[in-house]
Amino acid sequence: MLIKRKSADASRGKLQAALGGLSSGVMDRRSFLRRSGLVAGGLAVAGSIQIGAVRKAEAAGFGPATGTKVVKNICTHCSVGCTVKAEVANGVWVGQEPAWESPINRGTHCAKGASVRELVHGDRRIKYPMKLVEGQWTKISWEQAISEIGDKMLEIRAKSGADSAYLLGSAKFSNEGAYLFRKFAAFWGTNNVDHQARICHSTTVAGVANTWGYGAMTNSYNDIRNAKTVIFMGSNAAEAHPVSMQHILAGKEINRANVIVFDPRMTRTAAHATEYVRFRSGTDIAVIWGMMWHIFKNGWEDKEFISQRVYGMADALKEIEKYDPKTVEDITGIPEAQLKRAAETFAKVKPATFIWCMGVTQHTVGTANVRAICTLLLATGNVGGMGNGANIFRGHCNVQGATDMGLDVGNLPLYYGLVEGAWRHWGRVWDVSYDYLQSRFDEVPAKGGRPARNRKANMETSGHTSTRWFDAASLPAEQVDQKDNLKAMIVFGHGGNTIPRIPDSVKALENLDLLVVADPHPTNFVSLAKRKNGTYLLPIATQFECDGSRTCSNRSIQWGEKVVEPIFESANDYWVIYKLAEKLGFAGDMFKNIQMVKGKYGMEPQAESVLREINRGGWSTGYTGQSPERLKLHMEHQDKFDLVTLRGAKGSPVENDFFGLPWPCWGTPEMKHPGTHVLYDTSLEPINGGGAFRPRFGVTREETRPDGSKVNVTLLAEGSWPKGSEIKDGYPEFTMGMLKRLGWDKDLTPAEAATINSIGGNSPDGVSWAVDLSGGIQRVALMHGCVPFGNGKARANAWNLPDPIPTHREPIYTPRVDLVAKWPARPDERTLRIPNLHTTFQKAAIEKGVAKNFPIILTSGRLVEYEGGGEETRSNKWLAELQQDMFVEISPDDANARGIKDGQFVWVSGPENNSKARVKALVTERVGKGVAWMPFHFGGFYQGVDQRGNYPKGTDPIVLGESVNTVTTYGYDPVTGMHEGKVTLVQIAAA
Amino acid sequence: MRLTRSILSFLAMVAMVIGLGLSTPVAAQQGAPINPTARSVTEDQLLNALKPGSAAEIGGRVTIPDAKSATLIRPAGREWREFHQGTMHLIGGIAILGMLALLVVFYFTRGKIMISGGPTNRTITRFGSFDRFVHWTTAGCFIVLALSGLNITFGKTILIPLLGESAFAAAAQLGKYAHNYLAFPFMVGLALMFLIWVKDNIPGMIDVQWFAQGGGLIGKGHPKAKRFNGGQKMVFWSVILGGAVLSVSGWYLLFPYTAGGVLNLQFWNVVHGVVSMLLIGAMLAHAYIGSIGMEGAFDAMGSGEVDLNWAKEHHSLWVEDEMKKGVVPAAMQPAE
Amino acid sequence: MARMKFLCDADRCIECNACVTACKNENDVPWGINRRRVVTINDGKPGERSISMACMHCTDAPCAAVCPVDCFYVTVDKVVLHSKDLCIGCGYCFYACPFGAPQYPKVGNFGSRGKMDKCTFCAGGPEADLSPAEFQKYGSNRLAEGKLPLCAEMCSTKSLLAGDGDIIAKIYKERVVKRGYGSGAWGWKTAYKETVAI
């Protein structure tokens, strides 16, 4: 038998056509280099070659087989927003090709992105609706499922009130899905609606928004290419956001940038740093204030920036003075010289950016941690420019969008809050009356010494956080600040194992009257519960089986096109939400302005139409310019955007736009605002993507001087304004009244003026840029070079927060009990409808000698192969093969002392509920002595017991394991209710 | 030769392989500046560390359970290849062709060794049917194993030009199956041979004399011998020991997942190959002397009945013992 | 003619395993067969480096040299491929391979080795280009489509380079010069008996 190509003259095939032309012909050397992955090399040509052209040339010769169509969607596994290019033949997703043209991922993926095709083959998906009948999973029809769930919800509502149903949404919704879910909660009449942002970046959003206006990443992944200093703190981007490392490492190489990683664990990211700084978990504020101490002692701060654009730095300094190098070394374990070097680098080698993730946010002091970092950025003038900023890497593929859409206990869509004006605004957008919306809410009786709340007060009161849902279900009704305890959990796309204190949630699950899990995979909610009845599993399609937009971490919005029809009997979120609303009787009002189209199971809301409704109402955040048409145009012309600036090329259909129209994208789509690549950037005209800090907390603040006299201090910028501004100083947010004072009201079109007047009624002057449905106020402000939201100062002193100036507080379960007297946890308080007992728990831990019996600090994190609770990724055979066992990383010292060998089973026991988890030991120097680390993606084992049998047959993930949250403990941020996921104490023993 | 070195350092290697490879002598010291980029481990560093007698592999950590995959680079494969493609052929060539040549020379110089006293037409039972069954089972297996084994080493050079790739691959595949399956009866036969013949194969002073007299092969006269003479004892022990080594090494090659790493497999493969070649050589000599090389010898394993004179000449003491036990030589069956 | 090689820039590799799943995705590689893998050296210590490794398509490939049935062949692009029709699953290529590339499904007699499987540089096998039989036995033939191996094309940080040896060596060299450090073209000395001189 002759083997082809054995000799050089055997068929050389098409390959030669492609590669033989290295000197001429089809593929020139440059294009070959591109395929070779050259472009990332930091070579001069980077970004200058358009890949699309090359691909087309190739495709002309030997493209995919006829009948194969290429569909673009976005990876569903993290917030980077990698474009996924799917080849579909006969309705089957047959292949995945690199999307070279995406400026974000440029063809690349991580393990998860490179395996998403498996998701829609997934033989472990939920295949049809099911319910538990006396402990047995039974197949039911969609009609039966919707009807029974609806009846049960109405029954619970009649008995315990609307607030007794918890609506837990998902960061994996599209923007449209998230928006509909939030709207659904409003029409149902509760603020008990939340999603994964609670447990990932809620403290970031709170901390950042309270500092300079908006709760989002200020720059972009691509922009980090401009940075000369990059600090990572509590972020392991190499595993959590792998594709972002393409930009970061390229920047590191091109700029010879400093990359400093602060982490208790020597992560894969740290392996690529120029400096790795190990510190004790939970001491972030001391680290940051320690850096600030050096910066101010040495005069490295940016004095001009502070005086022009920062309020309250002097107040912060009073706190910072306490953090001398000795104190900081004692608290954090970082030697003075090392911290000083990091501080000096960050302050002097600019632009410098600060990247943080869950290592910073998941703490009882999460919001304060974030605030401290923001203050550091402000002190060094590292916000609002290319290459600097607070680069907050968010987690899920649409956690930014879902947050924006108000899947939050304290917000209507687009951060309007819950105040009356917000409800009235959305009432206008939705075309329903304020009174109707109010009528949907419960009246809350007086209890526990708290006064009663009428419907209006209740609709303006933030709901329960997802981190405490089980407490809301289990605590004595008197302690729960609503009509009754939680009775129903309606969970769309949210894991059950990502929240600490699993032993407590197991108990609460048994108390629920109704549990609905709507998800592509049965989550841990299903496997943990020992329920017999009242449990429903609804098969939901992934975003690959659904049209819609999603917002990446950098605020760019990308349109994903449905790759294939929902597989098996699964249905998309839109249809399910619609059917539930229909059953509950408010679909007519809720969907009155949303176009319905024919879907898999009949008429369903059209994604484009939902986005247009978002555009009609999203003024406060600049979600108004991103029409579906513009987003689709961007996806079509991805190759026209610059790699570093994300700006659309001259002469292209997307000229001047930033890729994905990162919000704020002001005004109407017709205004063609380019979006905002870098927030608060005064070097650009606002109409061209520039901005300023948002004066969100008033115009002046009364301060007391040392002599006791009062003075009003301005909160507006002084001597700083965006390029081209006609107002050459700070100014407050724009209202109709302000336009009039400036004489700019005459620039409004009659139609705009009419809309403003109709909104304002008797007092049109009060109509602001955020509620003007015509967009006229925004348009006119921008026309005059002004930012619609004003030009204010960022706040180093956020007086409205529990800790206005962050202060170090020892974790509740601290190994350093000697430090608690000086740096105690916050006093007991109530956070969002529920008690938050910091001090009680900290004191009890000390009295019980927890630090002695549980001497190892346990912290947690991400594996690159898995995402979140991990049910989806652990069901993907290509990923599951790579991580087959739950493990705990333990240092060689600790392992030797306990006689533990690498790879053997150990028991990790926690200080609450006699909790324990049986996992494999991974003995490694990644963690220091006295520290252990566990990934948080596992579930399906509980305290040593295999729960595979609890899953409906054929839907169990391939890999099961103990959840880290079985042993994690109490502790909640006082602002957002964020759990303490990164510091607890455990003991480890050989099993 | 490098391979010798690698075999000698085999145990050391195993010890190293089990560990997680090499480490640069830097430890994370709290406080000292830690610049992971500047300290990055380079390939050169690690390759340099592959000093004779130390590690043979550069390994690290992988998340998949397949421990073999944690090895990144194993230059030792090159040595194994050199051995397998060079030394092994040499050893085989020498052992087999050399032995054949030797036998040819022997045949032409010494000629067939005849029964000095001539056949008596009286026979004595040398091997019962069970002995012969065991012998031929083992021998049969050995021949197939040897041929299929040789095919693996020399087949592609000799047979591919003759058969072509496909036919050869099919034959080789069959040979592999035969090799794998016949290994078991071979091992059983080996064990039985050991049990039934070991008592007569204990070396003694008499064997020294036997060898001193050249086993009667060189020169005239026959040294005394019991049931098995020195030469046969040598064959016995080379079969038993060689066979045992082949069994153990073969077992690991057959069940590669039990061998504990590729270096071990390479080691066992070398052992298997070398011992096979030597044993094949030895067996050629054994077969020669048991057949065309000596008059009357084949009958021992053929019919089991040997000529009395042959027995007296080659196994004088055994014949005496047999006689004492009252065994009466039978009259030769007339040839038909 | 191109001389196809792989080069993993360890200073870029973050062990994200995209190469591993991309390979599985593109070639439908079954569970337990790992044509490509990522190994981390000095795990947890400063200086730790991860390297993605698969068949390096060696010059004078040891696997081909030791194969008793001569089932290996080298394409015009110097990609080392093999015929599963000829392979008898003897395991010799695995003994000889310096990179642990050959993989065997546990389907042979006594549950040992089936036909060897390894990275094909996404160049299929001896069957007709892009035929179903080729895909079934060896996976994709991206080279025939004018594409490079998907592992390298999808590498998150563009650490794994695949393509003509001279070109990828040049890319790597330019990177090292630009950034001022480089831990080496891993495996090149062993596979190609040369390295990228900086």
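1. How many bridges join strand β4 of chain A to β5(A), and do the two run parallel or antiparallel? In this predicted model, β4(A), residues 130-133, is joined to β5(A) by 4 bridges, and the two strands run antiparallel. One residue pair to look for is A:Lys131 and A:Thr138, the latter being the bridge partner in β5(A).

2. These two strands belong to an open sheet of 7 strands in chain A, with the order β5-β4-β16-β15-β14-β6-β7. The pairing in this sheet is mixed. At its edges are β5 (136-139) and β7 (193-194) of chain A, each of which pairs on one side only.

3. On the whole of chain A: the secondary structure comes to 35 helices and 34 strands. The C-alpha atoms of chain A fill a box of roughly 100 × 70 × 65 Å along the principal axes. Of the 991 residues in chain A, 65% are buried. Among contacts in chain A with a separation of 6 or more, 72% are between residues 24 or more positions apart.

4. Helix α5 of chain A covers residues 175-188, which is 14 residues. From the first C-alpha to the last, α5(A) reaches 20 Å, close to the 20 Å expected at 1.5 Å a residue. Is α5(A) largely enclosed by the rest of the structure, or largely open? Because 14 of the 14 residues of α5(A) are buried, the helix is largely enclosed by the rest of the structure. Just after α5(A) comes A:Gly189, with a positive phi of about 100°.

5. Which strands pair with β9(A) in the parallel sense? One is β8 of chain A, residues 229-233, which pairs with β9(A) over 5 bridges. In that pairing, A:Val230 stands opposite A:Val259. Another is β10 of chain A, residues 275-277, joined to β9(A) by 3 bridges and running parallel to it. A:Glu275 in β10(A) is the bridge partner of A:Ile260.

6. Further along chain A, 3 strands form an open sheet in the order β32-β31-β33, with mixed pairing. The edge strands of this sheet are β32 (945-946) and β33 (961-962) of chain A, each pairing on one side only. Strand β31(A), residues 940-942, is joined to β32(A) by 2 bridges, and the two run antiparallel. A:Tyr942 has A:Val945 in β32(A) as its bridge partner.

7. The largest nonpolar core has 373 residues. The members that touch the most others are A:Phe181, A:Met291, A:Ile373, A:Met489, A:Ile490, A:Val516 and C:Ile51. The largest share of this core, 11 residues, comes from helix α10 of chain B, residues 262-290. Leaving aside residues up to four places away in sequence, A:Ile490 touches A:Ala165, A:Tyr166, A:Leu167, A:Leu168 and A:Val516. A second, separate core has 38 residues, including A:Val850, A:Ala917, A:Val927 and A:Phe938. As general background, nonpolar side chains tend to be buried together in soluble globular proteins.

8. Where chain B meets chain A, 13 residues of chain B are in contact with 18 residues of chain A. By class, the side of chain B that touches chain A has 6 nonpolar, 6 polar and 1 charged residues.

9. Chain C has 7 helices and 6 strands. Along the sequence, the pattern in chain C is β-α-β-β-α-β-β-α-α-α-β-α-α. The C-alpha atoms of chain C fill a box of roughly 50 × 40 × 30 Å along the principal axes. The radius of gyration of chain C is 16 Å, which agrees with the value near 16 Å for a compact globule of 198 residues. Buried residues make up 75% of the 198 residues in chain C. Of the contacts in chain C with a separation of 6 or more, 54% come from residues 24 or more positions apart.

Technical notes: Residues are numbered from 1 along each chain as its sequence is written. Chains are lettered from A and ligands numbered from 1 in the order in which they are written. This is a predicted model: local features need pLDDT of at least 70, side-chain atom pairs count only at pLDDT 80 or more; totals for chains, interfaces and linings use all residues. Two residues are in contact if their C-beta atoms, placed from the backbone, lie within 7 Å. Ala, Val, Leu, Ile, Met, Phe, Trp, Tyr, Cys and Pro count as nonpolar, Asp, Glu, Lys and Arg as charged, and the others, Gly among them, as polar. A residue is buried if 20 or more other C-beta atoms lie within 10 Å of its own, exposed if 12 or fewer, and partly exposed in between; C-beta atoms are placed from the backbone. The expected span of a helix is 1.5 Å times one less than its number of residues. Two strands pair if DSSP finds at least two bridges between them. A nonpolar core is a set of buried Ala, Val, Leu, Ile, Met, Phe, Trp, Tyr and Cys residues joined through C-beta atoms within 7 Å. The radius of gyration is taken over C-alpha atoms; the globule rule is 2.2 Å times the number of residues to the power 0.38.
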